[in-house]
Amino acid sequence: MKNLLKLSAFVLIAVTSAAHAQDPEHATEFRKPTPGPGPDGAMQPTFLAHRLGTDHAEGISLLDMNGDGFLDILAGAYWYQNPGAEGGDWKRHQFRTVGTHGEFISDCGEWIFDVNHDGLPDLVTTGRISNGIWWYQNPGKTSNPDQMWEKHFIADSYDTEGGAYGDINGDGKPDLALAHYIHSGVLWVDFSGPEPKVHKVGGPEQDGHGIGIADINGDGKPDLLTPFGWFQNIDANDDKWQFHQDWRLGDTGFPILGYDVNHDGRIDLIVGQGHSYGLYWFEQGGTSTHRTWTKHTIDESFSQSHALALADLDGDGHPELITGKRYRGHDGDDPGSHDPIVIYAYRITPRVAPHGHYNIDFTRLPISVNSTAGVGTQVLTADFDKDGDLDIAVAGKSGVHFLENLRINKVPKATRESQQWQLDKNWPFPGEGQEVPQEDGPKP
């Protein structure tokens with residue numbers, strides 16, 4: 001009898017709840033209005049993917065092109081106009097031409113420098129298809145958003161799939177390091193003088209698919225990282241380097257990241273495999289005269305991790321690792337080319353283990369899975385809408401994408417309704433059926 005009463009009470013509660021769920025006056029009692037934590041109990045950043053264009057450019061850069069205070073997105077021949085804090089359409093404008101070859105555009109890297117020191121930021125680019133490091137001159141304020149920029153040659157650089165941006169010579173100004181798939185020798189470019197100064201570092205045996213900038217030995221000088229080892233910075237301006245053949249990393253993504261993963265005070269490495277499966281970190285150990293590098297797997301479930309970045313996406317003061325799959329890096333011939341396109345972020349959490357060691361947890365956070373948004377040759381982060389959180393911008397053969405971080409969301413509902421309509425407005429289809437009234441059932 002007691003069991004029967006309990007069952008009756010359960011059914012009554014279920015029926016009452018169901019009735020309330022259908023009753024508009026009571027429905028809000030059961031609706032959670034804001035996001036909560038994920039299954040691990042931590043808040044997870046949520047990103048909304050906006051496909052801005054379908055050009056095949058894989059390099060990407062950020063610059064306020066029209067002086068409205070919001071960063072615009074540059075990729076290939078085009079720039080996409082930031083609609084501002086309240087969201088909306090990203091209008092496309094053309095400002096240069098870029099060579100094409102089959103399904104490729106010769107644009108594997110874009111970086112912003114004031115090359116001619118006129119107070120206007122210019123664009124520096126390079127690509128795998130066509131030779132050269134080039135810069136495009138900013139014409140300054142103009143009423144024409146499609147004003148073409150003049151192209152200038154800097155130096156030869158063949159088969160260049162990417163680079164690394166950072167202060168190499170310690171003058172407080174950013175430089176650019178470039179690697180080459182044909183192993184022709186690492187280049188770095190100093191833009192601080194009246195003309196760009198190109199330095200060559202090492203030979204073909206040290207150059208390869210990947211480059212990074214990080215202080216490996218903790219002497220305060222940025223070193224250059226390659227797939228075959230690292231160049232110790234003795235005097236970058238005077239071309240004095242010492243090569244250490246400490247590792248073989250394969251065809252890495254760009255850049256090779258230097259980061260103290262386990263918080264032991266020494267720089268470790270984070271690398272993706274740009275043309276196969278695998279995302280790894282290499283733990284620095286040993287001594288200053290005999291360093292060791294222990295390989296740890298982060299994720300081997302997707303391929304072509306051709307670009308990586310570190311940025312604080314969830315606002316906790318610690319950077320997440322951001323990477324994903326490049327789409328058709330080798331015309332669909334790389335392992336996993338036809339797997340789903342993905343972009344992931346990883347929380348990096350050291351946990352104390354026995355004997356004073358650390359176990360490192362890489363908690364994977366989905367940014368975009370099985371959509372058109374993939375990672376080309378660069379991943380960039382910035383607060384595009386100035387709402388207080390970091391968004392992501394990527395470009396690739398599947399299009400240019402702005403990935404809006406919804407951790408802070410100030411875009412009006414009216415804009416969402418008008419600009420993010422995913423339904424087919426031409427529905428219902430001819431002959432499918434006719435309009436019918438909604439039937440909610442008998443009232444209780």
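Is Arg364 buried, partly exposed or exposed, and what is its relative accessible area? Arg364 is partly exposed, with a relative accessible area of 38%, where buried means under 20% relative accessible area, exposed over 50% and partly exposed in between, computed with a 1.4 Å probe on protein chains only.

The model shown in these views is predicted, so local features need pLDDT of at least 70 and side-chain atom pairs count only at pLDDT 80 or more, while totals for chains, interfaces and linings use all residues. Residues are numbered from 1 along each chain as its sequence is written, and side-chain values use heavy atoms, with hydrogens and water left out.

**View 1. The salt bridge between Arg364 and Asp299.** The side chains of Arg364 and Asp299 meet in a salt bridge with an N to O distance of 2.9 Å, a salt bridge being a side-chain nitrogen of Lys or Arg within 4 Å of a carboxyl oxygen of Asp or Glu. Because Arg364 lies in strand β27 (residues 358-369) and Asp299 in strand β23, the pair ties together parts that are 65 residues apart in sequence. Helices (H or I, at least four residues) and strands (E, at least two) are DSSP runs, numbered from the N terminus. Asp299 counts as buried, at 9% relative accessibility.

**View 2. Other salt bridges.** Side chains of opposite charge can pair when their charged atoms come close. The structure holds 13 salt bridges, and one of them joins Arg347 to Asp314, the closest N and O atoms being 2.8 Å apart. This pair links distant parts of the chain, with Arg347 in strand β26 (residues 342-352) and Asp314 in the loop between β24 and β25 (320-324), 33 residues apart. Both Arg347 and Asp314 are buried. Another salt bridge is formed by the side chains of Asp238 and Lys240, at 3.5 Å from N to O; Asp238 counts as partly exposed at 44% relative accessibility, and Lys240 is also partly exposed, at 44%.

**View 3. The largest pocket.** The largest pocket has a volume of about 480 Å³, and of the 25 residues that line it, Trp111, Tyr165, Pro255, Val379 and Leu380 are the closest to its centre. On a 1 Å grid over the protein atoms alone, a pocket is an open set of points where a 1.4 Å probe fits, with protein on both sides within 12 Å along at least five of seven lines, and lining residues have an atom within 4 Å of a point. Several strands each supply at least two residues of this lining, among them β2 (61-63), β8 (109-113), β12 (162-166) and β28 (379-382), while the largest share, four residues, comes from β24. By class, the lining of the largest pocket has 17 nonpolar, seven polar and one charged residues, where Ala, Val, Leu, Ile, Met, Phe, Trp, Tyr, Cys and Pro count as nonpolar, Asp, Glu, Lys and Arg as charged, and the others, Gly among them, as polar. Pro255, in the loop between β19 (240-244) and β20, is joined to Phe254 by a cis peptide bond with omega about -15 degrees.

**View 4. The second largest pocket.** The second largest pocket has a volume of about 380 Å³, a volume being the space filled by probe spheres set on the grid points, which are joined across faces, edges and corners. Of the 19 residues in its lining, Met65, Asn66, Gly140, Lys141 and Thr142 lie nearest the centre. The lining of the second largest pocket divides into nine nonpolar, eight polar and two charged residues.

**View 5. The surroundings of Ser303.** Ser303 is placed in strand β23 (residues 291-303) and is buried, with a relative accessible area of 0%. The side chain of Ser303 reaches the backbone oxygen of Pro335 at 2.8 Å, and a polar contact of 3.2 Å joins the side chains of Ser303 and Gln304. A polar contact is a pair of N or O atoms within 3.5 Å; within protein, one must be able to donate a hydrogen and the other to accept it, and residues adjacent in sequence count only if both atoms are side-chain atoms. Not counting residues up to four places away in sequence, Ser303 touches several residues, including Ser276, Tyr277 and Lys325, where contact means heavy atoms within 4.5 Å.
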